Amino acid sequence: MATSKIVAPLCLMVLVFSLCSSMVRAQDVCAGVERPDPETIPCTINCILPDFVCGTDGVTYTCGCDDAFCHGVDVVKKGEC
């Protein structure tokens, strides 16, 4: 009985930590990438190597965060949608 009193709060703490850490990772996907001026959207992106990111619109942008930002979209995660 005492074990279940310890396990339940521990499981809850692990769940909350997992959710919080995944949110932090999502915010860091485009850390350091400067957003273009909204008046210049859409802008031109020329990339040499693909750097796939998934936009909030469900579209995969080939040229990374810059490409998504130039389309006025935030990034959900690295990689294809």
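1. A disulfide is taken here as a pair of cysteine sulfur atoms within 2.5 Å, and by this rule the count comes to four disulfides. The model is a predicted one, in which local features need pLDDT of at least 70 and side-chain atom pairs count only at pLDDT 80 or more, while totals for chains, interfaces and linings use all residues. Residues are numbered from 1 along each chain as its sequence is written, and side-chain values use heavy atoms, with hydrogens and water left out.

2. C47 and C63 form a disulfide with their sulfur atoms 2.0 Å apart, and with -50° about the S-S bond this link is left-handed. The pair links distant parts of the chain, 16 residues apart, since C47 lies in the loop between α1 and β1 and C63 in the loop between β2 (60-61) and α2; helices (H or I, at least four residues) and strands (E, at least two) are DSSP runs, numbered from the N terminus.

3. C30 is joined to C65 by a disulfide with an S to S distance of 1.9 Å, and the torsion about its S-S bond is about -80°, so the link is left-handed. C30 is buried at a relative accessible area of 12%, and C65 is buried at 6%, where buried means under 20% relative accessible area, exposed over 50%, and partly exposed in between (1.4 Å probe, protein chains only).

4. C54 and C81 form a disulfide with sulfur atoms 2.1 Å apart, and with 110° about the S-S bond their link is right-handed. C54 counts as buried at 8% relative accessibility, whereas C81 counts as partly exposed at 46%.
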